[in-house]
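Q: I have a model open and want to learn to read it. Where do we begin?

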Amino acid sequence: MSKIVKQMMTDELKAKWEGVDAALLVDVIGMEANNTVALRKRLREKDISLMVVKNSLARRAAEGTPLSAAFDGASGTTAVVWGAEDVVSLAKEVTALAGDDEFEQFEAKGGVMDGAKLSADEVKAVSKWPSRTELLSIVAGQIMSVSSEIASQITGPAGDLAGQIKTLIERQEEGGDAAAE
């Protein structure tokens, strides 16, 4: 491959990875073509991109970016996946697909998150974390629980007082003497 072609490919990779700060390296060697097409389709549905890339070109394209740590020491054929809502969602999807019988050869080899290199075991650990959406719902629930508790503490005594006043009014309307009771 000529230097010009290599430079064009490197520039294309840089453009694709612009703004990407987390990616996972996966193994797709040995997968049949139909399974690879099905895998890419499932990933695309989740806004995840998959690209098989030569390690030396990937190293050059990722140089100076948060992704550079992922390719340190990478060997053999490597596929890169990136996208999804966050790195946790990406790791969850990759781990789920790796456990699928249809994609037996598909497995995580490592990756990078916030500039730190991840091993295959660390990718599995990250997949067990709550995703961004789950974290937001947890935080929202915690915020709402405090405010609903405060609201119930404020309205509780007022509700009791309103009930007692209502009872007194009803007794007066019935003709009973509320002061005597």
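A: With two definitions. Helices (H or I, at least four residues) and strands (E, at least two) are DSSP runs, numbered from the N terminus. Two strands pair if DSSP finds at least two bridges between them. This is a predicted model: local features need pLDDT of at least 70, side-chain atom pairs count only at pLDDT 80 or more, and totals for chains, interfaces and linings use all residues. Residues are numbered from 1 along each chain as its sequence is written, and side-chain values use heavy atoms, with hydrogens and water left out.

Q: In which sense do strand 1 and strand 3 pair, and over how many bridges?

A: Strands of a sheet pair through backbone hydrogen bonds, either parallel or antiparallel. Here strand 1 (residues 22-27) and strand 3 (residues 78-83) are antiparallel, with four bridges. Take Leu-25: its bridge partner in strand 3 is Val-80.

Q: What is the strand order of the open sheet?

A: The order is 2-3-1-4-5, five strands with antiparallel pairing. Strand 2 (48-53) and strand 5 (116-119) are the edges; each has a single partner strand, so one side of each lacks a neighbour in the sheet.

Q: Which residues touch the most other members of the largest nonpolar core?

A: In soluble globular proteins, nonpolar side chains tend to be buried together. A nonpolar core is a set of buried Ala, Val, Leu, Ile, Met, Phe, Trp, Tyr and Cys residues joined through side-chain atoms within 4.5 Å. Buried means under 20% relative accessible area, exposed over 50%, partly exposed in between (1.4 Å probe, protein chains only). The largest core here has 24 residues, and Leu-24, Val-26, Val-28, Leu-39, Leu-50, Val-81 and Phe-106 touch the most other members. Helix 4 gives the most to this core, six residues.

Q: What does Val-28 touch?

A: Contact means heavy atoms within 4.5 Å. Leaving out residues up to four places away in sequence, Val-28 touches Leu-39, Leu-50, Val-52, Ala-79 and Phe-106.

Q: Is Lys-16 buried, exposed or partly exposed?

A: Lys-16 lies in helix 1 (residues 3-16). Its relative accessible area is 38%, so Lys-16 is partly exposed. Beyond four places in sequence, Lys-16 touches Met-51 and Trp-82.
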